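Have a look at the model first, then read on.

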Amino acid sequence: MVNPPHEAMHHIFRHDLHLFSRLKGVLGLPLPTVVDAVVLPNDLTETKPVERRVDTLLRLDSAQEGSLLLAIEAQGKKDPAKPASWAYYVSYLWTKYGLPTALLVVCQDRATAEWAARPVVSGPAYMPTLSVRPVVVGPHNMPVITDPATAAEDLALTALSAITHASDPDIGGILKALSTALRDVPESVADPIIEFTAQGLSKRPAQEIWRTLVAVDLSFYKSYLSEELRDEGRVKGRAEGRADAILLVLEQRGLDVPAAVRDRVTSCDDPELLRLWLARAVTVATAEEIFETGTAEPGEAGAEE
């Protein structure tokens, strides 16, 4: 079954067809300036009943070097059978279109990224014949974008940064920079970025951080997805997950979390208050600062004076 992170990791290249060409600095490749990019059919099925589909297929056109095909695969874990499939994709596309064909693999963890980047040959060592070595994008080489101004310069690249760093300690800062940058753009621009980011963070603690930031920083958006994210944040029973997210953010940022802070967070059953603390956890200097306020917080009796 295809999961949301899998879809986000390659669909974002369909959303922004020039995103790959802007990765030249990240990947250290002499990529030509792309004049045009076209999404091609991703169905690689043969006449025989063997169905093969590459995740996303683009044709990139440049004035300097003509056209090339870019097959994009989202890879969530190591799979010994994948290199053979990748070799098939590249060979088939090269044969079908008669164009230079490259493979980009997008990963969300370093171990999978390192595995995917290793060259694999189809034949024995003395007769390798066909070698598969995709270009890999993942947490090992994607920039950590935590400055809102930098995020605003390239929203899609920042969303990809968040997706590939979904489990990293820096994820809170990336998401905060992205939500801040999205405040100043039209809903038609912000909505797909919000959606790709939400899909890419699926089933990870960072997803709760993103839901909170969407609800707080982007509360004026009324799109279907934004409303869904906010509604899910209000569902009874999410308090425990939100408390876990607060502690995870604080710990991954390297902050000391005293027992008193941990007890106060885990004993709170007010979703709105927990959401407020989670938003603060992304930027505070000490764990205790998530509670600091000059007025009583909603739903908390005996708040600080």
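## Two helices side by side

In this predicted model, α1 and α8 run roughly antiparallel to each other, because an angle over 145 degrees counts as that. The numbers behind it: the axes of α1 (residues 4-15) and α8 (residues 187-200) cross at roughly 150° and come within 7 Å. As for handedness, the crossing of α1 past α8 is left-handed.

Which residues make the contact? On the α1 side you'll find Pro-4, Pro-5, Glu-7, Ala-8, His-11, Ile-12 and His-15. Helix α8 brings Pro-192, Ile-193, Phe-196, Gln-199 and Gly-200. Sorted by class, that gives 7 nonpolar, 4 polar and 1 charged residues.

## Just past α8

Follow the chain into the loop between α8 and α9 (205-217) and you reach Ser-202. Is Ser-202 buried or exposed? Its relative accessibility is 12%, so Ser-202 counts as buried, the cut-off being under 20%.

Who does Ser-202 touch? Skipping neighbours within four places in sequence, Ser-202 is in contact with Pro-4, Pro-5 and Gln-207.

Next stop is Pro-83, which sits in helix α3 (residues 82-97). With 11% relative accessibility, Pro-83 counts as buried too.

Once neighbours within four places in sequence are set aside, the contacts of Pro-83 are Trp-115, Val-120 and Val-132. Take Val-132: 49 residues separate Pro-83 from Val-132 in sequence, yet their C-alpha atoms are 6.7 Å apart in space.

## The sheet

Now for the strands. There's an open sheet of 5 strands with mixed pairing, and the order is β1-β2-β3-β4-β7. The edges are β1 (36-39) and β7 (135-137); each has a single partner strand, so one side of each is left without a neighbour in the sheet. On average, and ignoring direction, neighbouring strands here are turned by 25° against each other.

Technical notes
Residues numbered from 1 in each chain as written. Predicted model: local features only at pLDDT ≥ 70, side-chain atom pairs only at ≥ 80, totals over all residues. Heavy atoms only, no water. Axes fitted to C-alpha atoms, helices over the stretch in contact; angles between N-to-C directions. Helix = DSSP H or I, 4+ residues; strand = E, 2+ residues; numbered from the N terminus. Parallel < 35°, antiparallel > 145°, perpendicular 65-115°, else oblique. Left-handed = near helix turned anticlockwise from the far one by under 90°. Contact = heavy atoms within 4.5 Å. Nonpolar A, V, L, I, M, F, W, Y, C, P; charged D, E, K, R; others polar. Buried < 20%, exposed > 50% of the residue type's maximum accessible area, 1.4 Å probe, protein only. Pairing = 2+ DSSP bridges.
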